[in-house]
Amino acid sequence: RREAGRDTGDLTAPPPPPPPVPTTADGAEAARQAEREGLALVTSSSSSTGYRGVTHCPKRKGSKKYVLVVKVGGKMATLGYFATA
């Protein structure tokens, strides 16, 4: 691409990296289930967790300190709490 006489091809953002490969059997099963349902985590540069809709809850008791919330039909729906983002 050229803009004002200079090459701007190197200024475009690279595509987001693929999601990390699950390291546990439960994680792998969750990834397979999400794929079957057509779901995918969307990366977000403005989120501290790196994913859209995923929030870290450090004061939550237990090991599941990440929550996934999405908007469905104009209402917020919690999909669950997870140990990792």
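Mentor: Buried denotes under 20% relative accessible area, exposed over 50%, and partly exposed in between, with a 1.4 Å probe and protein chains only. This is a predicted model, in which local features need pLDDT of at least 70 and side-chain atom pairs count only at pLDDT 80 or more, while totals for chains, interfaces and linings use all residues. Residues are numbered from 1 along each chain as its sequence is written, and side-chain values use heavy atoms, with hydrogens and water left out.

Trainee: Which element of the protein chain has the highest mean pLDDT?

Mentor: The term pLDDT is the predictor's confidence in each residue, from 0 to 100. The chain has a mean pLDDT of 76, and 71% of its residues reach 70 or more. Among the elements, strand 1 (residues 2–3) has the lowest mean, 52, and the highest, 89, belongs to strand 5.

Trainee: Which strands stand at the edges of the sheet?

Mentor: Strands are DSSP runs of E of at least two residues, helices runs of H or I of at least four, numbered from the N terminus; two strands pair if DSSP finds at least two bridges between them. The open sheet has 3 strands in the order 3-4-5, with antiparallel pairing. Each edge strand has a single partner strand, so one side of it is left without a neighbour in the sheet; these are strand 3 (54–56) and strand 5.

Trainee: Is Tyr-81 buried, partly exposed or exposed?

Mentor: Tyr-81 belongs to strand 5 (residues 75–82). Beyond residues up to four places away in sequence, Tyr-81 touches Arg-60, Lys-64, Tyr-66 and Val-67 (contact: heavy atoms within 4.5 Å). Because its relative accessibility is 34%, Tyr-81 counts as partly exposed.

Trainee: How far from a side-chain polar atom of Thr-49 does the backbone oxygen of Val-54 lie?

Mentor: Thr-49 lies in the loop between helix 1 (25–36) and strand 3, and counts as buried because its relative accessibility is 15%. A polar contact is a pair of N or O atoms within 3.5 Å; within protein, one must be able to donate a hydrogen and the other to accept it, and residues adjacent in sequence count only if both atoms are side-chain atoms. The side chain of Thr-49 reaches the backbone nitrogen of Tyr-51 at 3.4 Å. For the backbone oxygen of Val-54, the separation is 2.9 Å.
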